[in-house]
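Here's a quick tour of one model, taken piece by piece. Keep the sequence and the 3D view open as you read.

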Amino acid sequence: PTRVALLPAFLLAAPSLAETPELPEVEGRKPLLVATLSFRPEYGFELLVEAMDRLRGRHPEIACLVMGSGDDEAQAKQLVRDRNLKNCILFLGNVSHEKCISVMSRCDLFVRPTFADGDANSVREALSLGIPVVASDVGNRPPGTVLFRTGDVDDLVAKIEETCASP
């Protein structure tokens, strides 16, 4: 027993300052959202884009940092250009776990717009960092997660606004 230690499946420690990326393009942006995903249909990137397009009208300083990659990444970037959201949605690509946690810790809200999901570690990590989470009501979500109806952009926008307005 003295040689075995159990570690949690998600990070509890503070992020390393060495892994904190410089993000001058989001300095002063409020609210600052973050999402981790793969660019595949089940991750709901298009839903996130639609929500950001609606939110920027009422929140001109809003921004969302997106970490991840995938088969449909080129189409995702084109969608952001087509919707004129280049200053609103910023792609960070694949980053180390430490950098991901560091980025999450600097944001106001974590968004998980998936259409299919399991018990996402990223949701648990955000909550453990004290970052509010808005996630689709698909899959298993831990206590404290604000749920929106899967695929419902109106509900996603409403839950983001309500969560950002809460102390």
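## The strand pair

Strand β1 (residues 32-36) runs parallel to β2, and the two pair over 5 bridges; strands pair if DSSP finds at least two bridges between them. Across from valine 66 in β2 sits alanine 35. Strands here are DSSP runs (E, at least two residues), while helices are H or I runs of at least four, both numbered from the N terminus.

This is a predicted model, where local features need pLDDT of at least 70 and side-chain atom pairs count only at 80 or more, though totals for chains, interfaces and linings use all residues. Residues are numbered from 1 along each chain as its sequence is written, and side-chain values use heavy atoms, leaving out hydrogens and water.

## Inside β2

In a regular strand, side chains alternate between the two faces of the sheet. Ala63, Leu65 and Met67 point one way from β2, Cys64 and Val66 the other, and all are buried (under 20% relative accessible area; exposed is over 50%, partly exposed in between, with a 1.4 Å probe and protein chains only). With 5 of its 5 residues buried, strand β2 (residues 63-67) is largely enclosed by the rest of the structure.

## Two helices side by side

Helix α1 (residues 45-58) packs on helix α2 (residues 73-82) at about 15 degrees, axes 11 Å apart. That makes α1 roughly parallel to α2 (angles under 35 degrees count as such). Phe45, Glu46 and Val49 of α1 meet Ala76, Leu79 and Val80 of α2, with contact meaning heavy atoms within 4.5 Å.

Glutamate 46 belongs to helix α1 and is partly exposed, at 47% relative accessibility. Its C-alpha lies 9.2 Å from that of valine 80, 34 residues away in sequence.

Technical notes. Axes fitted to C-alpha atoms, helices over the stretch in contact; angles between N-to-C directions. Parallel < 35°, antiparallel > 145°, perpendicular 65-115°, else oblique.
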